[in-house]
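Here are a few notes to read alongside the model. Have a look at it first, then go through the points in order.

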Amino acid sequence: MNKLYKLDKIKFGERYTIYSPKDGQPCMDHDRQSGEGIGPQEYTAVKMEVIDWSDAAKEALGSKLDGKKVFLVAATLRPETMYGQTNCFVGTSIKYGFFHVNDEVYVCTYRAARNMAFQITQLRGQVNQLAEIEGSKLIGTKIKAPFGIEPEVYVLPMDNVLATKGTGVVTSVPSDSPDDFQTLTDLRKKPDFYKIDPAWCAIDPIPVLTTPAYGDLSAPALVKQFKIQSQKDTKQLAEAKEAAYKEGFYNGTMLVGEFKGLPVQEAKPKVRAAMIEAGLAFPYSEPEGLVISRSADECVVALVDQWYMDYGESAWRAQAEKLLSRMETYGPETRNGFEGTLNWLNQWACARSYGLGSKLPWDPQYLVESLSDSTIYMSYYTIAHLLQGGVFDGSKTGPLGITPEQMTDEAWEYVLGSSETAPSGVPKEKLDTLKNEFLYWYPMDIRSSGKDLIPNHLTFAIYNHAALFPENLWPLSMRANGHLMLNGKKMSKSTGNSLTLRQGIDKFGADATRLALADAGDGIEDANFEESTANAAILRLHTLIDWCEEMLKEPKSLRPADSPKDSAYDRIFENEINDLINQTKAAYEATNYKEALRTGFYEMQTSRDWYREVTADVGMHAGLVRYWIRTSALLVLPIAPHFAEHLWSTLLNEPNSIQLALFPEPSSPVERSVIDSAVYMRSTLKSIRDAEAQLTKKGGKAAKMKGVVYDTGKKKAVRIFVASNFPEWQETCIDILKGATNFETGVVDDAKVREEITKRGLIKDKRAMPFVASVKKRIGQFGAATALNRTLPFNETEALNIIFPYLQRNLNFAEGEVLSVEEARSRIAADPKAPGYTESTIESAEPGSPGFVFWNV
């Protein structure tokens, strides 16, 4: 804190802050029961003086306000539109108070008056209410419209006025507010229903500003565009309001008033300042949403003198943005969260009057606010073991024998900062020990924390590291995670849906609990711990241990470890293990533990299962099985260390602990063509199995296929047709796409594609455009080079001949063969009535997608 103060990063002054009246001090994020991340929202409070009360108001108020100036106070975010006021709105069911404020009387909700009491009253916090009235009784009251082209307007009813936002009083500018325009339209249509005099809503919308998109009257244009029919169309009104505000602010030009001709962005603050200077308005702030302190107090916004961190200051923010740009965040959501916070964060109150915390060194009447006091403690972690004698309060000195009093600002600057001069009072060799320890660990490789801390603690850490440390010691990465759900529901002790780590370990064991935690989810979204996953993990781990133990005895079912690894399945299995090593390493490096579990644990077992199944006739290779067990133990080690240690030390008889082992390296470079051929084999097997099942789904064992009866209960056969070329029309479409695609950006020139398809006579082919759309989708997913490459990286016929014996054995085909499309056509030509040949199936075959026919023999 002292260094930040000396760097002028901490300042003192009057500013708006979220404040707890009960606690008598600012209420920062970690002091809140709810409403974390909510800050002050600043409005312009417009004072509309009452000229003549409605009859109902006169009767209700009597002589209570005689001789007093009374103002309806409306909170607006758009002071530049006040020239276009046509009336004022109140909620008919809302209770409005009359509050004595600095010799004037303001009409608003009690909630708003409570906020004002901590901002503009002479006696801060004092709310002096003189009377209360229902909004319905204010209808028909005539008031002055500050800066309005129409100087006097009436109070009218509005359905959508909220007592929980603003002051409960709303200025009406129907030229630029869709809500106001629609309400005015409704009132004019049904004055009797709303119990108003039509003369009160006789003023038409007044043009105030013009925009390129919506002209001089943006609200009527947007109401028409969004097809809004009444005040009840709240969703469309919200969308229209956002569109009107954005277009008006960024592209609008003033049409009236002192600042006519200026862009709205420039005119807005000038109009506000002019209204405040004229005494017709004042600054007003309130919380953006409901904030409840830990003392159960509804917080307000107060204007108070306080110490604050000058976050948002341009030079400091630029440093923070530079740090963020160099830092790994493991996902766009986290980076977007940081960037969004840097866009709005400024002047954070860093001190409070009481509670837990360190005293502010230069002003000890205050304590350092908890979030401001915990931004670089990671640096202290690196040397804490040398300074503290195993206790938290520093009552015992650590191994270096340095007392807290000896660690002056100069000592800290030498250890953690850029000072090269060791101060007196501590032996230099001891300070050098601290400095070397710090520099060994810093910069920190990763800071992992909850996503709810992005708007405060983690962004503070970025700011403070940028200010206090040289660039070579800035954090390398920060990872944010979501909260943890249990069985798909939020954890809650009150509902009984709760599980502590200790309970999880007692119930499922450490490794099964860790497996379920890893499986719960990656990224910033909330993770979900499923007890069923933990239960299943117990059985899976024990089953796997039993299998490994049996296999390491090298039973006769395995081929000897010293025998050649010469089968295609051996080659596939080894390549898949090596590929999964690479995938799992990438997942760990990206801190995606669910993905690491999938590839390093589940997919490893899937690969083993398939290898075991397809080699059932000849047996697995003992050397590859041992390689698989050893690799499996190393890949799952970070997640299930006890299981991995058992495989390593007890079953594999390795001399040293697995904790001393390095991450596995592939036994050889991965052959992608081998991996792709295995994927093709599995997908073809599934397609054939599914097709046969679908064929007989409705017809029992016997079903008709292209006019031929096929009975799965009898001897059966399958014939697979392999195509070496794609259909000519597809090749033409691919050629057209290649000529119309930017291979660097993946952008496809659709107009050029349509022009070429028309030229080549394919525009009327109903297959062409859907095919083009599917290829474009693949370009978006995999890039142009991959999507437009139509060459298979392996020999399809060879792959099918490898898998065919297993297919026959597994699906009980008595006969079968793999044929090229050309050979099939020649056989049909020789014998058109031969069984097992269907011309349409043969013609449907494409490279990578064979056709197949079943028949009985």
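1. Start with Met-158, which touches Phe-89, Val-90, Gly-91, Asp-179, Asp-180, Thr-183 and Gln-231, leaving out residues up to four places away in sequence. Contact here means heavy atoms within 4.5 Å. Phe-89 is 69 residues from Met-158 in sequence, yet their C-alpha atoms are 5.7 Å apart. Met-158 sits in the loop between strand S11 (152-157) and strand S12 (169-172). Its relative accessibility is 7%, so Met-158 counts as buried (under 20% relative accessible area; exposed is over 50%, partly exposed in between, with a 1.4 Å probe and protein chains only).

2. A word on the basis: this is a predicted model, where local features need pLDDT of at least 70, side-chain atom pairs count only at pLDDT 80 or more, and totals for chains, interfaces and linings use all residues. Residues are numbered from 1 along each chain as its sequence is written, and side-chain values use heavy atoms, without hydrogens and water.

3. Next, the largest nonpolar core: it has 77 residues, and Trp-628, Ile-629 and Phe-643 are among those with the most contacts inside it. Such a core is a set of buried Ala, Val, Leu, Ile, Met, Phe, Trp, Tyr and Cys residues joined through side-chain atoms within 4.5 Å. Helix H20 (residues 622-636) gives the most to this core, ten residues. Helices (H or I, at least four residues) and strands (E, at least two) are DSSP runs, numbered from the N terminus.
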